[in-house]
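Subject: Handover of a structure

Hello,

I am passing this structure on to you. Please open it first, then read the notes below.

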Amino acid sequence: MPTNKPIPTPTTEYERQYWQRVANGDVCIAHCQACDHVYHPPRRYCPDCYSDEWEFKSIAGTGTVYGYTSIHRPTQRFASDAPIVSAIITLDEGPRLMGRVACESEAIAAGRRVCLDTPKLSSDNVRLTFKLLPK
């Protein structure tokens, strides 16, 4: 789904590779080959052992809401999306990341299960959007 809203601008080769994978529908995390730690976002060195031997690892796209907020007065370019539910998701693989949850503000709660809504991803719209899984 193309968008006229600002999208992330990669500043490193790792970020460029990451966002290209996301645009292709392959959301991933970094996996350290030296200590087996997984982390997000990708960076040159593992935050646990500082090894530069890591690889991208595809994720299942499911996780649990750790925390959330509802934004009722977003910036002007996102005003038509209000209220926006933004959440920190603990992925089933371990790392946490932030993304939007496509739901009503009243429907979300810490502990709710979510999954990535990958059909919304494209090279023009690489925002990570989750949807609630049934209780």
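Predicted model: local features only at pLDDT ≥ 70, side-chain atom pairs only at ≥ 80, totals over all residues.

The three-stranded sheet

Start with the open sheet. It has three strands in the order β2-β1-β3, and the pairing is antiparallel. The edge strands are β2 (38–39) and β3 (54–58), each of which pairs on one side only. Strand β1 covers residues 28–32, and five bridges join β1 to β3. Look at Cys32 here: Trp54 in β3 stands opposite Cys32.

Helix α1 (residues 13–23) lies across β1 and β3. The angle between α1 and β3 is about 15°.

The loops around β2

Two loops deserve a look. Take the one between β1 and β2 to begin with. Asp36 lies in this loop. Asp36 has a positive phi of about 70°, although Asp36 is not a glycine. Most residues other than glycine have a negative phi. Is Asp36 buried or exposed? Asp36 is exposed, because its relative accessible area is 56% and the cut-off for exposed is over 50%.

Now the loop between β2 and β3. Pro41 is found there. The peptide bond from His40 to Pro41 is cis, with omega near 0°. Most peptide bonds are trans.

Cys49 is found in the loop between β2 and β3 too. Its relative accessibility is 33%, so Cys49 counts as partly exposed. Which residues does Cys49 contact, leaving aside its neighbours within four places in sequence? They are Cys32, Ala34 and Cys35. Cys49 and His37 are twelve residues apart in sequence, and their C-alpha atoms are 8.6 Å apart in space.

Tyr50 lies in that loop as well. The phi of Tyr50 is near 65°, a positive value in a residue other than glycine. Tyr50 counts as exposed because its relative accessibility is 61%.

Ser51 is found in the loop between β2 and β3. Is Ser51 buried or exposed? Ser51 is buried, because its relative accessible area is 13% and buried means under 20%. Not counting residues up to four places away in sequence, Ser51 touches Cys32, Ala34, Arg44, Tyr45 and Cys46.

The barrel

Next, the other sheet. Five strands close into a barrel in the order β4-β5-β6-β8-β7, with mixed pairing. Neighbouring strands of this sheet are turned by 50° against each other on average, direction ignored.

Strand β4 (residues 62–71) pairs with strand β5 (residues 84–91) in the antiparallel sense, over eight bridges. Thr64 has Thr90 in β5 as its bridge partner. Pro83 is found in the loop between β4 and β5, and the peptide bond from Ala82 to Pro83 is cis, with omega near -5°.

β5 and β6 run antiparallel and are joined by five bridges. Ile89 has Leu97 in β6 as its bridge partner. β5 and β6 form a hairpin with four residues between them. Gly94 in the turn has a positive phi of about 120°.

How do β6 and β8 run, parallel or antiparallel? They run parallel, joined by two bridges. Arg100 stands opposite Thr129 in β8.

Back to Asp117. Its relative accessibility is 12%, so Asp117 counts as buried. Leaving aside its neighbours within four places in sequence, Asp117 is in contact with Thr129, Phe130 and Lys131.

The largest pocket

Last, the largest pocket. Its volume is about 480 Å³. Of the 22 residues that line this pocket, Met98, Gly99, Arg100, Arg127 and Leu128 are the closest to its centre. α1, β5 and β6 (96–101) each supply at least two residues of the lining. Which strand gives the most to the lining of the largest pocket? β6 does, with four residues. By class, the lining has 15 nonpolar, four polar and three charged residues.

Best wishes

Technical notes
Residues numbered from 1 in each chain as written. Heavy atoms only, no water. Pairing = 2+ DSSP bridges. Contact = heavy atoms within 4.5 Å. Axes fitted to C-alpha atoms, helices over the stretch in contact; angles between N-to-C directions. Buried < 20%, exposed > 50% of the residue type's maximum accessible area, 1.4 Å probe, protein only. 1 Å grid on protein atoms, 1.4 Å probe; cavity = no way out; pocket = protein on both sides within 12 Å on 5 of 7 lines; lining within 4 Å. Points joined across faces, edges and corners; volume = space filled by probe spheres on them. Nonpolar A, V, L, I, M, F, W, Y, C, P; charged D, E, K, R; others polar.
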